[in-house]
Amino acid sequence: MLFRRATPNLWTLITPPTVWALHFLFCYVAGAIICARYPGALGELRLSIAAGTVLALGLILAAGAQAYRHWGFGSDLPPHNEPTEDDQQHFLGFATLLLCALSAVAVLFGAMPALFIAECVR
Amino acid sequence: MRGSRPGFRAFPRTAGLAGAGMMLGACSGTQSALDPAGREAGEVATLFWVMLVGAAVIWLAVIGTAVFASRWQGRPVSERAGLRLVLWGGAIVPTLVLAALLAYGLRLMPALRAGEPALTVEVTGEQYWWRVSYRGPDGAAIESGNELRLPAGHAAEILLTSADVIHSFWIPSLAGKLDMIPGRTNRLVLHPERIGTYRGVCAEFCGRSHTFMAFTVIVMEPAAFEAWLARQAAPAATAADEGAFLANGCGGCHSVRGTPATGTIGPDLTHLADRAMLGAGLFANTPENLRRFVAEAEEVKPGSRMPSFGMLPPQDLDAITAYLGSLR
């Protein structure tokens, strides 16, 4: 499982950006299909983007909690550049935590147009 | 040494004043986004000033911190304090500022398309001119070219498309730009507010004469606009002889309503003498320039589809110029 691992690896590292990418695709594809086929269903589009955003932020939060644990709860400050098992774990955990913050901001920015869209423009 | 060369020392101040004067001078005029004459351009100008002031505040804070760190703060801060500064100054504050700007920018967009338009104008970009088509009160199309007239205080819907490559329709004084894409119609709503003459340009490189693809925008009193549109719908009224114009094949590409000239490849010339400019913003509309454009089209407008007619006998050129110059 990606969210209940004892140790971090490259898969846990790319989980938060992957969640962002899927959320981004979902927002744009849903917006394109709704506007092309059902331009009156903007309310439903907003609700589904809100649901997708909550889900994406939840997954990123879970990835972030795990990364914080892998980082050692901040007991050791970066740079984690010693050739030891511990530093490798802490480095991956800290890098994942930063990616979680970036992905969370990107998910929010990607969803923001849904708040302001007023009509499907021809 | 520095005190002995007052002229040299005064230079930066003079240059600064001259530079500021030039910059302020560029803020007004017929083609300035900072001197808005319509609602959309007003929003864009406000956005510009908000971002400029915000950028100035951030710049002062960054430079101030750097000066403080290098001049007054004599000792290094702790690692934790440094990390906290990076976290707040490098990540959290920029994210909040960008989020606020994004929200502000997104909030502006829907308002730019609002309003029930009183007028619809179709504008088609062509290398290198603008085909302009108004809808008359009876729904019939009124063709024109290279000039857009709009009534002040009313929303106007501009339907934009292209006949060849991608162009971009931009009247800085009235609104932001919008691309004209072949096979697609983009909709722009303008709310011109101030009466006057402005300049629109093609804002997407479209070929050799891209620079010479401009148009005149005239914002008029609504009543004057109605009268003008009614005049435009009528055939050309001229006493001049159309013989040379027709005999040399001009009608193969150009229309003059009310005559056998019905070509649609080039701009409609029915009321050419009413337009302020020639050749899509290339020259002022004077008889000399008109004659030059007909005789040297390939030279003055490289890459356009209009051939040069300089090989015609001078009396034919004179007759064509006189005829076109009389089309009111």
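**Entry 1: the helix pair**

I noted that α1(A) and α2(A) are therefore roughly antiparallel to each other (an angle over 145 degrees counts as such). The model is predicted, with local features needing pLDDT of at least 70 and side-chain atom pairs pLDDT 80 or more, while totals for chains, interfaces and linings use all residues. Residues are numbered from 1 along each chain, chains are lettered from A, and side-chain values use heavy atoms without hydrogens and water.

I read an angle of about 180° and axes 9 Å apart for helix α1 (residues 10–37) and helix α2 (residues 42–70) of chain A. Helices here are DSSP runs (H or I, at least four residues).

I then listed the contact (heavy atoms within 4.5 Å). On α1(A), the residues include A:T12, A:P16, A:H23 and A:F26; on α2(A), they include A:L45, A:G52, A:L59 and A:Q66. This contact divides into twelve nonpolar, seven polar and no charged residues, with Gly counted as polar.

**Entry 2: chains A and B**

How much area do chain B and chain A bury between them? I found about 1200 Å², 72% of it on carbon and sulfur atoms (accessible area lost on being put together, 1.4 Å probe, summed over both). Chain B supplies 16 residues to the contact and chain A twelve.

I looked for salt bridges (a side-chain nitrogen of Lys or Arg within 4 Å of a carboxyl oxygen of Asp or Glu) and the count between the chains is zero. Helix α3 (residues 79–111) of chain B gives the most to the side of chain B that touches chain A, with eleven residues. That side of chain B divides into seven nonpolar, two polar and seven charged residues.

Conventions:
Axes are lines fitted to C-alpha atoms, for helices over the stretch in contact, and angles run from 0 to 180 degrees between N-to-C directions. Helices (H or I, at least four residues) and strands (E, at least two) are DSSP runs, numbered from the N terminus. Angles under 35 degrees count as roughly parallel, over 145 as roughly antiparallel, 65 to 115 as roughly perpendicular and the rest as oblique. Buried area is the accessible area (1.4 Å probe) that two parts lose on being put together, summed over both.
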